[in-house]
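Open the model in your viewer and keep the selection panel at hand.

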Amino acid sequence: MYSRSPPFGGGKRSLINPPTYIEYKGARFLIVDAPSNNNLPLYIEEFNRWNVSDVVRCCYATYSPALLEEKGIQVHDWVFGDGEAPPAHIVEAWLNLIDARFPEQRADDASAPCIATHCVAGLGRAPVLVAIALIELGMPALDAVAYIRERRRGAINNKQLKYIELYKRRSKSKCIIS
């Protein structure tokens with residue numbers, strides 16, 4: 001006969017793969033695997049816990065965004081190939097979102113917004129976007145990969161690693177020639 005083990009945490013169900021929280025210079029990110037309509041309420045609990053303002057989907061939709069939007073969480077569909085590096089237009093949109101959510105670097109503040117990002121397993125596309133953010137915030141590329149991998153085992157494949165190694169930080173200064 002099949003019997004189900006009781007859930008951990010005092011009878012409360014939890015996610016099979018826990019989210020990975022990444023914070024650096026006041027920018028806060030949550031890397032997760034792809035929710036489904038069935039387990040989306042569990043993700044929403046986590047998103048509320050981390051004050052998630054935005055969810056970036058790097059894979060095709062596996063759930064309706066309506067429940068997230070009802071909770072005031074914006075959903076961004078920036079899909080790119082599994083195991084691939086993001087195309088330039090997605091990197092630009094990602095960096096614009098980071099600039100909008102984290103306009104100034106500040107000490108860790110629990111009330112600050114957090115950006116959640118996911119792909120199917122939360123091991124490739126989502127961690128690459130977070131690595132790009134860390135590089136833009138001043139962390140060396142290989143340190144960014146190590147920082148993420150220490151927290152999310154198996155993140156970032158060799159092809160993505162090469163991309164991150166070659167990634168050039170954008171210039172924050174805006175030169176205007178008159």
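Start by selecting Glu136. Its relative accessibility is 6%, under the 20% cut-off, so Glu136 counts as buried. Bear in mind that this is a predicted model.

Which element holds Glu136? Helix 4 does. Now show the contacts of Glu136. Leaving aside residues up to four places away in sequence, Glu136 touches Leu95, Tyr167, Lys168, Arg169 and Arg170.

**Helix 4**

In what order do the five strands lie? The order is 1-2-5-3-4, in an open sheet with mixed pairing. Go to the edges: strand 1 (20–24) and strand 4 (74–77) each have a single partner strand, so one side of each is left without a neighbour in the sheet. From one strand to the next, the twist averages 20°.

Zoom in on strand 1 and strand 2 (residues 27–32). They pair in the antiparallel sense, over five bridges. Pick Thr20 and look across to strand 2: its bridge partner there is Ile31.

**Helix 3**

Select residues 88–101 for helix 3, which packs on the sheet. Helix 3 touches strand 2, strand 3 (52–57), strand 4 and strand 5 (114–118). Its direction makes about 175° with that of strand 3.

Helix 3 has 14 residues. From first C-alpha to last it reaches 20 Å, close to the 20 Å expected at 1.5 Å a residue.

Show the side chains. Which residues of helix 3 are buried? They are Ile90, Val91, Trp94, Leu95, Leu97 and Ile98. Turn the view to look down the axis of helix 3: the buried residues fall within an arc of 155°, so they line one face of the helix. On the other side, Ala88 and His89 are exposed.

What covers the buried residues of helix 3? The cover includes strand 2, strand 3, strand 4 and strand 5, along with helix 4 and helix 6 (158–166). Leu95, one of the buried residues here, is also among the contacts of Glu136.

**Confidence**

Finish by colouring the model by pLDDT. The protein has a mean of 77, and 80% of its residues reach 70 or more. Among the elements, strand 3 has the highest mean pLDDT (89) and helix 6 the lowest (76). Last, select residues 1–11. The pLDDT there is below 50, and the stretch has two contacts in the model beyond near neighbours in sequence.

Conventions. Residues are numbered from 1 along each chain as its sequence is written. Side-chain values use heavy atoms; hydrogens and water are left out. Two strands pair if DSSP finds at least two bridges between them. Helices (H or I, at least four residues) and strands (E, at least two) are DSSP runs, numbered from the N terminus. Axes are lines fitted to C-alpha atoms, for helices over the stretch in contact, and angles run from 0 to 180 degrees between N-to-C directions. Contact means heavy atoms within 4.5 Å. The expected span of a helix is 1.5 Å times one less than its number of residues. Buried means under 20% relative accessible area, exposed over 50%, partly exposed in between (1.4 Å probe, protein chains only). The arc is that of the directions from the helix axis to the C-beta atoms. pLDDT is the predictor's confidence in each residue, from 0 to 100.
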